[in-house]
Amino acid sequence: MKSHYRAVVIGGGVVGASVLYHLARAGWTDVALIERTELTAGSSWHAAGGFHALNADPNIAALQSYTIELYRQIEAESGQNVGLRSPGGIELASTPERWEWLKSEWALFQTLDMDARLVSRDEIGAMCPIVNLDGVEGGLFDPQEGHLDPHGTTHAYATAAKKLGATTILRNRVTALTQRPDHSWNITTEKGEIVAEHVVNAAGLWARRVGKMVGVDLPLTPMEHHYLVTDSIPELEALDEEMPSVTDLDGFTYLQQEGKGVLLGIYERDPRHWCVQGADWDFGMELLPEDIDRIATELTVGFERFPPLQQVGIKRWVNGAFTFTPDGNPLVGPVPGLKNYWAACGCMAGFSQSGAIGLALANWMVEGDPGFDVFGMDVARFGDFASGDNYLRATTRQFYSRRFAMTYPNEELPAGRPLKVSGSYDALKSQGAHFGVIWGMETPLFFAPDDPDFAEVPTLRRSNAHALVAAEVAATRASAGLFETGIYARYEISGPGAEKWLDHMLASKLPSSGRVRLAPMLNPAGNLMGDLTVTRFGDDRFWLVGSYVLQKWHMRWFNDHLPKTGVRIENLSESWLGFSLSGPESRNILEKLTDEDVSNSALPFLSGQTMNIGMSQAVVMRISLTGELGYEITVPALQQRALWTALSDAGAEFGLRQIGLRALDSLRFEKAYGSWSTEFTQSYTPAMSGLDRFIMFDKPDFVGRTAALRARESAPTQRLVLLEIDASDADAIGYEPVWADSRRVGFVTSGGYGHHVEMSLALAYIDREIAESDAPLTVHVVGEERTARILREPPYDPTGARIRA
């Protein structure tokens, strides 16, 4: 053990070993992995070792494919057998609803260019002779699915890293971490002190404890997970090749061949947490007592689905602990607020994701950027609220128990709610609001003002709330709609250096005082880091408005680029709240509440100022996501309830209606407006998304300028377009493939029904040559192919006259 390393990885599981390997492969060979006992001694040693490519986040799914493809490479580099078996895997559909759901999942595979196919009952029976086909409608076969040896794979990563110059230090627990003035770390271990420039927390079951060593409470917690391994099964002994793995989604079980027997794992609907704060330091390579009574319901279904299991013995039971996060994806990247402290933990699917985590983190540490859109596993995707023990218990329990449950685009889950509510929450609820949740904040989705007993039914097709949303859209187009903007993030940038700093951070021209601009923000590679609005209130005071879910992510980005003096950033997202008032009557409503001149000449489109609205001094911006004349009105949070009352009372005579997020989506689709997390993400450039029209290319300096100029010289491979789809009872929602002549030419980013124009609409990234042609297109909607066409202009108010009225 040396006294100094460039980077130290804490934790010798499969994720830590992968990070070590990828750092060494990227050229950082002065790196060490420190493990308290032996490699694999946390969760890795007892893992089932299964892997698959599909993930609810398609960006992570692509990285999981990288992980699977990497295993043969590390086996060859290390000389260590990883026990790789790739017989493929089948997900079973045991109801017509599940079969429809699998067809939608198959479409997602096509978008990701993964070679999956739907299979019939007979095909399943031929491939998997131990499956009871009663009730089975069909299945989805993924040829990439398989399993491997957890011990061999972890050692292959470590051995390959060692051959590149990295070091593995075993039987030496880290006991303390202290940051030095130069942002490097003093690492206290049982065998002495080490100084490292960077520390990676890959401590698995102990990751939460290692986080607390530096004052960080990471949102992850261990949970119990059972599987059993059987004796040999005669039907498998008779096969010449290995049977594919089988997941009985409706039975909450998964099965993979183990020798001539099988491994049967269970995601029970009554899960248990274990050591919520993390395993004790002296916890060894131990299993937990099996709790068969608790999993009996799922176990019985599993033995019925695979009848030969009833005739053979059980070789061993495994009940081991794995770590889970609220959404089931890992925590990766630079921990906000701590320079040179990195997360690589919370990974419950280590053998699907280890390579992806190692690659992204090594890129990040060495190059300053992960190289991919990894927000779905970025440690900064969660707020501090996610680390509360009760919130963690509720959300991780919900994720675990729904591991194989069908998910629906209109489904809202109850765990950890309500957590954050605005001052108008009860008032909106009294108006019939049905809420969703965004980053812990309750936000109205739609209103059922005349039916207190209304309950939305989860579905892949159009919701039974369809007519309610239509009424909100109609009111906004004809009179006015009021949308609560509690899910907008707001930041104030001030100080003598504010203008210079913002001009460097944003790709747009800065507005003059009292004006608003749409402002793309880029990373050095020229990809999007935000689609913001910037408002100037004076020489050295600005507001930025952006995506609520990006608060921690954006604040990390801002702080990483902040000069030592002259600029102050304050996150106002919790302290200032408001409403968006839009529609042709919105100016008449506003005039009733202020003595200020709000005429078009005094408060034109894309302007902003402070004025008295009702009893509050409000920040009013003339901007709208609905395509109508509109205003965003923001006040101190404690005054938001009074603002709601004033607006609602003033709007009553003009037909003002409360509207929710579903109506806002319908309205933006009719105007072809994109949104962050769907049309605008790190995966896309301004040229692809159309945001390049807001870039001031002749500015001498802004982040991403070189890459943006280079992109302008060559046309993008894909462009964002608006599609009209011939769909009757369902709409595209996101990541459905778009086809031209049986060739996949793009994918949907988001979609829905345009209630005013009566069209099924979707925004999509399409290959440039197709986007510029009149080629006939088709789109998969709920697994069924539908004809579609590109709309060359928005179907509602294409000239933009109404928003400027």
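A charge sits over a ring if NZ of Lys or CZ of Arg is within 6 Å of the ring centre and within 35 degrees of the ring normal. These legends describe a predicted model, in which local features need pLDDT of at least 70, side-chain atom pairs count only at pLDDT 80 or more, and totals for chains, interfaces and linings use all residues. Residues are numbered from 1 along each chain as its sequence is written, and side-chain values use heavy atoms, with hydrogens and water left out.

**View 1. Two arginines sit over aromatic rings.** Arg-403 lies over the face of Tyr-267, at 5.2 Å from the ring centre. Arg-173 lies over the face of Trp-281, at 4.6 Å from the ring centre. Tyr-267 also belongs to an aromatic cluster with Tyr-254, Phe-324, Phe-399, Tyr-400 and Phe-404.

**View 2. Aromatic rings pair up.** Rings of Phe, Tyr and Trp (its six-membered ring) pair if their centres lie within 6.5 Å; planes under 30 degrees apart count as stacked, over 60 as edge-to-face and the rest as tilted. By this rule there are 26 aromatic pairs. Phe-483 and Tyr-488 make a tilted pair, 6.5 Å centre to centre with 45 degrees between the planes. Buried means under 20% relative accessible area, exposed over 50%, and partly exposed in between (1.4 Å probe, protein chains only). Phe-483 is buried because its relative accessibility is 1%. Tyr-488 is buried too, at 13%. Phe-747 and Tyr-765 form another tilted pair, at 6.2 Å centre to centre and 40 degrees between the planes. This pair links distant parts of the chain: Phe-747 is in strand β34 (residues 743–754), Tyr-765 is in strand β35 (residues 759–767), and they are 18 residues apart. Helices (H or I, at least four residues) and strands (E, at least two) are DSSP runs, numbered from the N terminus. Phe-747 has 12% relative accessibility, so it counts as buried. Tyr-765 has 0%, so it is buried as well.

**View 3. Strand β13 has neighbours to pair with.** Two strands pair if DSSP finds at least two bridges between them. Strand β4 (residues 89–93) runs parallel to β13, with 4 bridges. Glu-91 has Thr-247 of β13 as its bridge partner. Strand β14 (residues 253–258) pairs with β13 in the antiparallel sense, over 3 bridges. Here Val-246 stands opposite Leu-255 of β14. In a regular strand the side chains alternate between the two faces of the sheet. Both faces of β13 (residues 245–248) are covered: Ser-245 and Thr-247 are buried on one side, Val-246 and Asp-248 on the other.

**View 4. Phe-252 sits in the turn of a hairpin.** The hairpin of β13 and β14 has 4 residues between the strands. Phe-252 is found in this loop. Most residues other than glycine have a negative phi, and most peptide bonds are trans. Phe-252 is not a glycine, yet its phi is positive, near 60 degrees. At 9% relative accessibility, Phe-252 counts as buried.

View 5. The buried residues of α8 (residues 296–305) are Glu-298, Leu-299, Gly-302, Phe-303 and Arg-305. They lie on the same side of α8 because they cover an arc of only 160 degrees around the axis. The arc is that of the directions from the helix axis to the C-beta atoms. These buried residues pack against β4, β12 (221–230), β13, β14, β15 (261–266) and β16.

**View 6. Thr-325 is a buried loop residue.** Thr-325 lies in the loop between β16 (314–324) and β17 (331–334). Its relative accessibility is 0%, so Thr-325 counts as buried. Contact means heavy atoms within 4.5 Å. Leaving out residues up to four places away in sequence, Thr-325 touches Pro-219, Leu-220, Leu-331, Gly-346, Arg-381, Phe-382 and Thr-396. A polar atom of the Thr-325 side chain lies 2.6 Å from the backbone oxygen of Asn-329.

**View 7. Val-757 meets residues from elsewhere in the sequence.** Val-757 lies in the loop between β34 and β35. Val-757 and Pro-795 are 38 residues apart in sequence but 6.8 Å apart in space, C-alpha to C-alpha. Val-757 counts as buried, at 19% relative accessibility.

Conventions. Polar contact = N/O pair within 3.5 Å; in protein donor to acceptor, adjacent residues only side chain to side chain.
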